[in-house]
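Here are my notes for you, point by point. Keep the viewer open beside the sequence and look up each residue as you reach it.

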Amino acid sequence: MNKKNGTKQDVNLVNLIEKYGNEEKCRDYLAGLRWPNGIACPRCGSTSVSKYRDKAVYDCNSCRYQFSVTAGTIFHDSHLPLWKWFLATYLMIESKKGISANQMKRALSVSYKTAWYLCHRIRNAMSNGTPNLLKGIVEVDETYVGGKAKGFGHGYKGNKTIVVGATQRGDEARLQVIDDNGRKTLHQFIRENTAPNTEAIYTDDWPAYQGIADHDTRHETVNHSAEEWVRGDVHTNSVEGIWSLLKRSIVGSYHKVSVKHLGSYLDELEWRFNNRNNEYLFRDTLLKLIRAENLRYEKLIEKAVS
Ligand SMILES: [Zn+2]
């Protein structure tokens with residue numbers, strides 16, 4: 001693993017344009033992702049399918065349904081050409097700090113609304129539907145995001161939003177917006193995201209974490225309030241590294257992230273972080289997109305508000 005230099009990706013901007021620079025190339029690629037075992041009718045499942053007129057439309061020989069590779073997918077009722085979706089996906093996974101809707105608007109020459117919608121749909125597809133439980137040594141910490149109150153820590157949070165994170169050493173992370181940093185909330189987050197037999201939970205000395213240990217899970221703390229940051233291998237530096245990524249994204253790209261969208265920014269950060277050593281991240285993100293629920297604009301707004 002080479003976290004500092006990142007993993008060599010299977011795509012870069014040059015071969016992205018060579019490989020996926022027009023609609024036909026994008027469609028062929030999506031067809032391979034959607035139907036790895038051969039084209040199948042999305043209505044009846046039949047694999048007896050003919051190409052209709054040109055390559056863009058297929059014709060089912062069983063039920064006569066005509067469909068394209070994007071039928072029933074997130075790409076379908078988008079007026080955007082597929083190569084712009086591909087480029088947007090690339091820009092989102094490639095940018096360590098994330099990309100704002102304004103940057104996306106300029107990169108793709110689209111309206112702000114289109115760019116915003118596109119970013120959110122890609123971000124939504126990145127959300128981890130059924131994550132594995134973390135295990136081994138897991139660091140847990142909370143941080144405050146947004147608002148005007150200065151300083152981080154467990155004290156006054158003003159109008160900031162609390163985010164809790166857990167990361168398995170050298171492995172994946174889970175990030176979530178929480179309403180409070182009390183014992184019940186933090187314990188619930190840890191229970192939902194770690195395996196019952198996790199070797200150890202490392203936190204700072206915030207009292208709400210007390211009592212999380214059990215017969216097969218140790219709980220070790222570093223006493224941040226006494227300026228103790230590392231004791232042997234006990235520290236929360238990995239999860240704090242994620243906070244610094246999060247803060248640089250918010251300062252660098254998103255500026256003001258409204259609370260209602262923070263959850264989806266966390267999904268995006270989590271996806272990039274968890275795939276930091278995945279050289280097929282571009283392919284895997286497109287796979288998530290082609291399998292994602294086709295969220296309409298109204299629903300997306302509704303989801304963001306709720
Ligand atoms: Zn059919």
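1. Start with a word you'll need throughout: buried means under 20% relative accessible area, exposed means over 50%, and partly exposed is in between (1.4 Å probe, protein chains only). By that rule C60 is buried, with a relative accessible area of 0%. C63, at 29%, is partly exposed.

2. A quick word on what you're looking at. This is a predicted model, so local features need pLDDT of at least 70 and side-chain atom pairs count only at pLDDT 80 or more, while totals for chains, interfaces and linings use all residues. Residues are numbered from 1 along each chain as its sequence is written, and side-chain values use heavy atoms, with hydrogens and water left out.

3. Now the overall layout. The chain has 10 helices and 8 strands; helices (H or I, at least four residues) and strands (E, at least two) are DSSP runs, numbered from the N terminus. Of its 306 residues, 46% are buried. The accessible surface of the chain is about 15,800 Å², and carbon and sulfur atoms hold 50% of that; such areas come from the Shrake-Rupley method with a 1.4 Å probe, and for residues only the protein chains shown count as cover. Contact means heavy atoms within 4.5 Å. Among contacts in the chain with a separation of 6 or more, 59% are between residues 24 or more positions apart.

4. Which atoms hold the zinc ion? Its protein donors are the SG atoms of C41, C44, C60 and C63, lying 2.3 Å from the ion. Donors are N, O and S atoms within 2.8 Å of the metal (3.2 Å for Na, K and Ca); water is not among the atoms, so sites may look incomplete. Along the sequence the donor residues are spaced C-x2-C-x15-C-x2-C. For reference, the ideal angle for four tetrahedral donors is 109.5 degrees.

5. Stay with C63 for a moment. C63 sits in the loop between β2 and β3, and apart from its neighbours within four places in sequence it is in contact with C41, R43 and C44. Its C-alpha atom is 9.8 Å from that of V49, 14 residues apart along the chain. R64 is in the loop between β2 and β3 too, and R64 has a positive phi of about 65° although it is not a glycine.

6. Next, have a look at helix α4 (residues 101-108), where A101, M104 and L108 are buried. Seen down the axis of α4, the buried residues fall within an arc of 60°, so they line one face of the helix; the arc is that of the directions from the helix axis to the C-beta atoms. The general idea is that an α-helix has 3.6 residues a turn, so residues three or four places apart point the same way. What covers the buried residues of α4 includes α3 (82-94) and α5 (112-126).

7. Just after α4, S109 takes a positive phi of about 55°. S109 lies in the loop between α4 and α5. Is S109 buried or exposed? It counts as exposed, at 62% relative accessibility.

8. Then there are the cores. A nonpolar core is a set of buried Ala, Val, Leu, Ile, Met, Phe, Trp, Tyr and Cys residues joined through side-chain atoms within 4.5 Å. The largest one has 45 residues, and F75, W85, M104 and F282 touch the most other members. Elements giving two or more residues to this core include α1 (13-20), α2 (23-34) and α9 (281-291), while its largest share, 9 residues, comes from α3. Not counting residues up to four places away in sequence, F75 touches L30, T70, L82, W85, L286, L289 and I290. A second, separate core of 15 residues includes L134, V140, F189 and I201.

9. A292, between α9 and α10 (297-305), counts as buried at 15% relative accessibility. A292 and A125 are 167 residues apart in sequence, yet 5.6 Å apart in space, C-alpha to C-alpha. D214, in the loop between β7 (200-204) and β8 (218-222), counts as partly exposed at 40%.
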